[in-house]
Structure formats: structure tokens, C-alpha cells
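Open the model in your viewer and keep the selection tool at hand. The tour goes from one group of side chains to the next.

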Amino acid sequence: MAIIEAEPYPFEFDPARASLLIIDMQRDFLEPGGFGAALGNDVLLLRRTIAPTRRLLEKARAAGLCIIHTREGHRPDLADLPPAKKARGKLPTGIGDPGPMGRILVRGEPGHDIIPELRPLPGEPVVDKPGKGAFHATDLDAMLKNRGITQLIVCGVTTEVCVNTTVREANDRGYDCVVVADCVGSYFPEFQEMGLRMIKAQGGIFGWVASSEDVMTALPAMAP
Ligand code: C5J
């Protein structure tokens with residue numbers, strides 16, 4: 001057992017029962033020409049998470065932590081895209097429409113893929129999710145339970161949407177979540193701040209918030 005310095009209080013970290021969960025670090029959200037940009041957002045606000053997430057990912061790999069990646073997206077025939085999700089926002093270029101990186105948020109298209117800086121290694125599961133939460137309509141819960149995982153170290157985008165939704169889903173399923181503040185990002189600075197405050201409020205109502213430095217300090221030493 002190790003301790004991660006976190007808010008609202010130190011987290012008792014058991015690396016053997018923990019997974020690093022990296023949510024939706026996809027080209028469609030982080031690169032120009034993707035879904036995030038089509039919505040009028042500045043992708044640079046998310047790109048600040050790449051370097052710390054990469055450092056944490058490398059350290060977690062070296063420590064032998066279970067690593068799981070997720071991607072938000074839909075079947076090419078859009079059969080799993082709720083009409084309400086498609087219609088929301090009345091977007092000129094929305095989910096399923098052609099964009100500079102292929103059809104937006106469609107599985108198999110270049111924009112749907114994880115950014116090259118954080119490309120999963122063979123053997124690291126990638127969970128394809130049609131919703132905002134990573135537990136909705138996926139086998140993530142089974143994967144975690146089959147590995148004896150009870151703690152999630154959570155990175156990814158966006159803080160107030162897929163990260164918060166997933167942490168809330170995880171909380172209701174009995175997992176302890178530590179959200180890594182500098183490894184989650186929002187297009188909206190005020191949502192970044194509030195998204196983190198909502199996790200750790202009221203004695204950690206949804207979980208803990210820590211820096212990547214503090215998580216890395218608690219990880220077991222790298223193999224020589
Ligand atoms: C959004 C996500 N923001 N991964 N998706 O639509 O947060």
C-alpha cells in the first residue's frame with residue numbers, strides 16, 4: 001500500500017488493484033479538424049494534458065500497472081448513435097459527417113483514433129464507448145472486476161463531460177477514483193475548475209484529485 005497526496009485527503013493506493021484509465025484522448029477531440037474543433041473549441045486547451053499524461057503513462061507501464069484506454073465513437077452505420085445525440089446542437093458538421101480526419105467520431109476513421117503520443121501498446125485494452133460514460137454499453141466493468149481492480153487513476157478529456165460521467169458511474173459501482181488534475185482537460189477553464197471541485201467536494205463525494213507528480217511519486221519504482 002502506498003499513499004498518494006490528494007484532496008480532500010491522502011489516498012491509500014494499492015497498485016496491484018489499480019488501473020490507469022485514460023479517457024478519450026482521441027484525435028477528434030485534441031487535433032484541429034476533429035469534433036471538438038467543429039464545435040468551435042480551441043483544442044490547445046486540451047493539448048496541455050498530453051505531456052503529463054505521457055509521463056504518467058510511461059511510469060505506470062514501467063510499474064506494471066493495468067492500463068486501459070477508452071474512445072468515444074460509433075459504428076460506421078451509426079446504428080448505436082441515439083437520434084437525440086445526433087440532433088443535439090443542430091451542428092452543420094456533427095457525428096458521422098465527413099471532416100478533415102474522416103467521419104467524425106466514427107470507429108475506424110483517423111479522427112476516432114487515440115493521438116499518436118498516447119498510442120496504446122499491444123495488450124492494453126481499448127474500450128470503445130458510444131456514450132459519455134465509459135461504463136455505459138461497454139464491457140469495462142467486467143474487465144476491471146475480472147482483474148480484481150477496485151481503484152481507478154483517471155486521465156483524459158473532457159473533464160466535465162466524459163471524465164466526470166465516468167467517475168460518477170464508477171463511484172456508483174464501488175470503485176475509488178483519483179482524478180489526475182493536470183492530465184484531464186476541458187475546452188472551458190471554468191468547467192475544468194468546477195469539474196475537479198465537484199469530484200473532491202463534501203469529503204470526496206465522487207473521489208480524489210491529485211497531481212500527476214503525486215501519483216508518480218506513489219508508483220512503485222521502475223524495473224531496472
Ligand atoms: C465530449 C468527451 N466532450 N470525451 N466527449 O463530447 O468528453
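Select R61 and E124 and show their side chains: they form a salt bridge, with 2.7 Å from N to O. This pair ties together distant parts of the chain, since R61 sits in helix α4 (residues 50-62) and E124 in the loop between β6 and β7, 63 residues apart. Keep in mind that the model you are looking at is predicted.

Which of the two partners is buried? E124 is, with 13% relative accessibility, because buried means under 20%. R61, at 24%, counts as partly exposed.

Next, select E117 and R47. Their side chains also meet in a salt bridge, at 3.4 Å from N to O. Here too distant parts of the chain are linked: E117 lies in the loop between β6 (102-103) and β7 (126-129), while R47 belongs to helix α3 (residues 44-47), and 70 residues separate them. Check the surface again: E117 is partly exposed at 25% relative accessibility, and R47 is partly exposed at 27%.

Move on to R75 and D77. Their side chains form a salt bridge of 2.8 Å, N to O. How accessible are the two residues? R75 has 40% relative accessibility and counts as partly exposed; D77, at 48%, counts as partly exposed. The value for D77 is 48%, and exposed means over 50%, so D77 does not count as exposed.

How many salt bridges does a search of the whole structure find? The count is 15.

The last stop is K85, in helix α5 (residues 83-87). Is K85 buried or exposed? Its relative accessible area is 18%, so K85 is buried.

Show the side chains around K85 and look for two polar contacts. One joins the side chains of K85 and E72 at 2.8 Å. Another, of 3.0 Å, runs from the side chain of K85 to the side chain of H74.

Note on methods
Residues numbered from 1 in each chain as written. Predicted model: local features only at pLDDT ≥ 70, side-chain atom pairs only at ≥ 80, totals over all residues. Heavy atoms only, no water. Helix = DSSP H or I, 4+ residues; strand = E, 2+ residues; numbered from the N terminus. Buried < 20%, exposed > 50% of the residue type's maximum accessible area, 1.4 Å probe, protein only. Polar contact = N/O pair within 3.5 Å; in protein donor to acceptor, adjacent residues only side chain to side chain. Salt bridge = Lys/Arg side-chain N within 4 Å of Asp/Glu carboxyl O.
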